[in-house]
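Hi there,

Here is the structure I promised to pass on to you. Have a look at it first, and then read my notes below.

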Amino acid sequence: EEDPVGIQIASSIFCVCFAAELLLRLFVYRFSFLTMDGWAWNLFDLAVVGLQVSEEIVAFAAVEGQQRGGFATSFMRIL
């Protein structure tokens, strides 16, 4: 069952926003990102955003694969 287009777009927008926020925090705090107060929450954020980004990549690859007549698994080589 496929999600409505509006939900897919909202999910992609949130993914980009959360990933950008995480990258900015990593840039600002650098190595102290995982050693400062609240490091466990930072690690949790890293895991959640990483899983969300990987889900978006797999969903994109599935759509591209369907358009070409099969599921595109060649992207897994770069992961």
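R25 and E21 form a salt bridge, and their closest N and O atoms are 3.0 Å apart. By salt bridge I mean a side-chain nitrogen of Lys or Arg within 4 Å of a carboxyl oxygen of Asp or Glu. Both R25 and E21 sit in helix 1, 4 residues apart, which is about one turn of the helix. Helices (H or I, at least four residues) and strands (E, at least two) are DSSP runs, numbered from the N terminus.

Before going on, a word on where the values come from. This is a predicted model, so local features need pLDDT of at least 70 and side-chain atom pairs count only at pLDDT 80 or more, while totals for chains, interfaces and linings use all residues. Residues are numbered from 1 along each chain as its sequence is written, and side-chain values use heavy atoms, with hydrogens and water left out.

Back to R25. Its side chain also meets that of D45 in a salt bridge (3.2 Å, N to O). This pair links distant parts of the chain: R25 is in helix 1 and D45 is in helix 2, 20 residues apart. Through shared partners, the salt bridges join E21, R25 and D45 into one network. The structure holds 2 salt bridges.

**The chain as a whole**

The protein chain has 2 helices and 0 strands. Of its 79 residues, 15% count as buried. The chain exposes about 6,500 Å², and carbon and sulfur atoms supply 69% of that area. Accessible areas come from the Shrake-Rupley method with a 1.4 Å probe; for residues, only the protein chains shown count as cover. Among contacts between residues at least 6 apart in sequence, 37% join residues at least 24 apart. Contact here means heavy atoms within 4.5 Å.

**Where the helices meet**

V49 lies in helix 2 and is buried, because its relative accessible area is 12%. Not counting residues up to four places away in sequence, V49 touches F18, A19 and L22. The C-alpha atoms of V49 and C15 are separated by 7.3 Å, although the two residues are 34 apart along the chain.

Q52 is also found in helix 2. Which residues is Q52 in contact with, leaving aside its neighbours within four places in sequence? They are S11, F14, C15 and F18. Q52 counts as buried, since its relative accessibility is 19%.

**The loop**

F33 has its place in the loop between helix 1 and helix 2. F33 counts as buried because its relative accessibility is 1%. Leaving aside neighbours within four places in sequence, F33 is in contact with L22, R25, L26, W39 and N42. The C-alpha atoms of F33 and L43, 10 residues apart along the chain, are separated by 8.6 Å.

R30 is in the loop between helix 1 and helix 2 as well. Its phi is near 50°, a positive value in a residue other than glycine. Most residues other than glycine have a negative phi.

**Two surface patches**

L34, W39, L43 and L46 form a nonpolar patch on the surface, with about 360 Å² of accessible area together. One of them, L43, lies in helix 2 (residues 39-68) and is partly exposed, with a relative accessible area of 42%.

E1, E2, D3 and E55 form a negative surface patch. D3 is in the segment before helix 1 (5-29) and counts as partly exposed, at 47% relative accessibility.

Patches are made of residues with over 30% relative accessible area and no salt bridge; like charges are joined within 9 Å, and nonpolar side chains (Val, Leu, Ile, Met, Phe, Trp, Tyr) within 5 Å. Lys and Arg count as positive and Asp and Glu as negative, while His and the chain ends are not counted. The place of a charge is taken as NZ of Lys, CZ of Arg, CG of Asp or CD of Glu.

Happy exploring!

Methods: Buried means under 20% relative accessible area, exposed over 50%, partly exposed in between (1.4 Å probe, protein chains only).
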